[in-house]
Amino acid sequence: MCAKLSDFGLAKTEMLNIYEDMTIYLQQFVAQLQQLPQMGDLLNSRVQEQLLSCQNRIKAICPMLQRKHMKVAFFGRTSNGKSAVINAMLHERILPSAMGHTTSCFCQVEASERGEAAHVMIEHSEGQKLSIDSLRDLASAHSSQALSAHRLLHVRWPSSSCHLLGHDVVLLDTPGVDVTAQLDECIDRHCLNADVFVLVLNAESTMSRVERQFFEAVAQQLSRPNLFILNNRWDVAATLEPHMEQLVRAQHTQRCLQLLIEELGIYSNVELARRRIFHVSALETLRLRQHAKRGEAEKFRIPGASQRYEEFLRFEREFASCITQSALSTKFEQHCAGAAEMLLMLQELLQELSAGLAQLGEEKTLAQAALSERFECWEVQIMQRQQELDVQLEQLSEETTRLGSQLLHEQIVRLPAVVQEFRLPFQPQLQLPHELANYKRLLGVHLEQQLLGQVETQLWPVLQQKVSELQLASELPWQLYSPANCQLLMSDFQVDLQFRFSWGMAAIVQRIRGKLGAEEHSLKLPALEGWLLDTNGSMASLVLLSGVLARSISWRLLLVLGGMLGSFYVYELISWTQPAQERSFKAQYTRHLQRRLRESVAQTAAGLGQQVRQHLTHSRRQLSAETEQSRSELTEELHSLKTQLETLANCQMNLKQLQLEAVALQQRVTAFQKRYMPHNQRKSM
C-alpha cells in the first residue's frame, strides 16, 4: 500500500518543483525582457497580459499544490461501522466508535505538522487548537457537547503514528446518511473534492433507499465517482452454515453490482465492479492490528477471520491503487496541462522575440556599416579639406603680402598730392620747435588716414572675398593693423626753412653733389661744404668769384652779370614768403617720407600678410575643433551601435538559453505525464 500511495507524494513534490522552477524561469524571462533594447513594438499589451496571467496562475497554483492531498469519504447509515473502518485503516482507535448512532458531525482525519502533537480544530474557529481528548465529546452523538451534523471537525494526527496519513491521505468520516437531511449541501461541502467514496454497509441488513438516493445524487454531480462498497461486520456470517454464508454473500454482492452497474452506471465491466465489493470486519481487523502492534501473536479464533482479514488487506491495496490513480488524475492532470500550455505559450513568445531581435540586429548591422562607410569618407574629405586649407591659407598670406606691397607703392606715388591736400595754415611762428612738431604730427595723422587707411580699405574687400571662397565660418576684421606709422617714420626728419639762393655756391654744390653722389662729395670737400652751404658763405663766395672773374673778363660784362645775379637774388629773397616756406617744408617732408616708406614697404606688407595668416589660422583651429567634435560624435555613435549589437547578441544568447530551459521544463512535464498519468496520455494519443 505504501509503495502505491507514495506515488502521490512523489508526484506532488515533482509537480511542485516544476512550478517553482517555472516561477524562477518566468522571473528570469521577465528580467530578460526588461533588458531588451528598443523592443517596445514586440512587448505590447498582449504579451504583457500573457506574462502577467502566467505569473498569477503560477502564484495561485503553488500554494494549491502544497495543500494537495488524497481525500476519501466514508458514507453509510448510522451504526454501519464507518468510524471502525477508518480506525482499522489507521491501525489506531482514533475516532469514537460504539453501538448505535455515534458520529455526530463530519470528522476529517489528516496528518499534523511535523513535530506537532495530536489535536482537533473546529472549522471556522480561527485556528484554535483543542486537545485530542475533546474528540470524544465533540464528535460523539452520546455527548452533550457534540457538534451538529453539518459541522466539520479537523482531527490532526501525527503521521509518524500512521503511515496512511504520512502519504497525504485524508479520511472523512460522516454522520449516517439517514441523519443528514440536506444531501445536496453535504455533497457540495464535503464530497465534490473527494477522490474515492467508500460506502459502508451492514452485513446484517440490506442496502437502504436513503443510501441509494445519496449515491445517485453524488453520481449526478460527479462523473463516475470511484466507489468502494464494504459489507462490514461480516464476522456475523461465521455463525451461519457455510452454504448459507455463500448464499448471503452472493445476495449482497448481486445487490451491490446492481447499484454500481445498473443504477449508478459507474462501471460497465462486471469484473471491475466485483473488485470494488468487499466483505470485511473492521473491528476484527483493528483488534488483530493492535495485537500485532503490541507484539502479540495473531490469533484467528473465529472461523473465517483469516479470510476476512485478507479481504480487508485486498481492499486496502485496491483502495490505495485507486485513490492514487484518481488523485493523480484529478489533482495534477489540470496543473500538468496548464504547465504545458504556459510553456508552449512562452516558447512561442520566445520565438517571436528572437525573430524581432534578429530583425533589429540586421537593421543595426546595416546602420553600423553605413555609418562606418560614411565616417571613412568623411575622414578622407576632412583630410583633403585640411590640406587644401593649409595651401590656400599660405597662398592667401602671400597674396595679401603682394597686394599690400602693390597698394603701398601706389600710395607712395600719391604721397605728394596727398601732402598738398593738407590745408592747415603754415604760420611763421611754426618755426618754433614745439609748434613745428605739432604741425608734423597733424600732417602724419592726415597721411595715415588718407594713405594707409586707403590701403586697408582697398585691401579688405579683396581679402574678404577670398576668405569667403575658403568656406570658413569666419570673417576678417574690418580694420587690419598696419605697422607703418608716419610719426615713427618721420621721427628723424629735420626740416630746413633757411633762404637758399638758387645760384649761390651752396645750391651749385648741392647740384654737383646730386650729380656726383653725396658720398664722393663728402669725401672731397668736407670742410668747404659746411662753409659754402651757409648764407653768409654764399655771399662771400660771390665776392670771391667776382674778383676772380674781374681779372679774367672785362669789368662791364662782370657788372652786367652781377646786376642780373643780384636781380635774381633780390627776386628770390622777396619771393621767400610763407607759402614758399610751406611748399619747401612739404617737399622736404614728402621726399623724406617717400624714402622711409620705400624702405619699410616689404616689412609693412609682410605684417599685413602675417595678420591675415594669424586670423585664418585661428579660424582653422576653430574648424579643427568643430571637426574633432564631429569626429567624437560619430565615434560615439559607432560605439553606441557596437554596444547595441553586443547587447542584442547577448540577448539572443539569453533567449536561446531560455528556450532550452523551456524545452527542459516541457520534457519534465512530459516525463511526469508518462510516469504518473499513462492512462490519460494513452487516451490523448
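Helix H6 (209–221) lies across strands S1 (70–75), S7 (196–202) and S8 (227–232), running at about 170° to S7. Such angles run from 0 to 180 degrees between N-to-C directions, with axes fitted as lines to C-alpha atoms, for helices over the stretch in contact. Contact means heavy atoms within 4.5 Å. Helices (H or I, at least four residues) and strands (E, at least two) are DSSP runs, numbered from the N terminus. The model is predicted: local features need pLDDT of at least 70 and side-chain atom pairs pLDDT 80 or more, whereas totals for chains, interfaces and linings use all residues. Residues are numbered from 1 along each chain as its sequence is written, and side-chain values use heavy atoms, without hydrogens and water.

S1, S7 and S8 belong to an open sheet of nine strands with mixed pairing, in the order S4-S3-S5-S2-S6-S1-S7-S8-S9. Strands S4 (130–131) and S9 stand at the edges with a single partner each, so one side of each has no neighbour in the sheet. Two strands pair if DSSP finds at least two bridges between them; S2 (residues 106–111) and S5 (residues 152–157) pair in the parallel sense over six bridges. Val109 has Val155 in S5 as its bridge partner.

Elsewhere, helices H10 (residues 305–413) and H19 (residues 578–676) pack at about 170°, their axes 7 Å apart. They are therefore roughly antiparallel, a term for angles over 145 degrees.

Notes: Angles under 35 degrees count as roughly parallel, over 145 as roughly antiparallel, 65 to 115 as roughly perpendicular and the rest as oblique.
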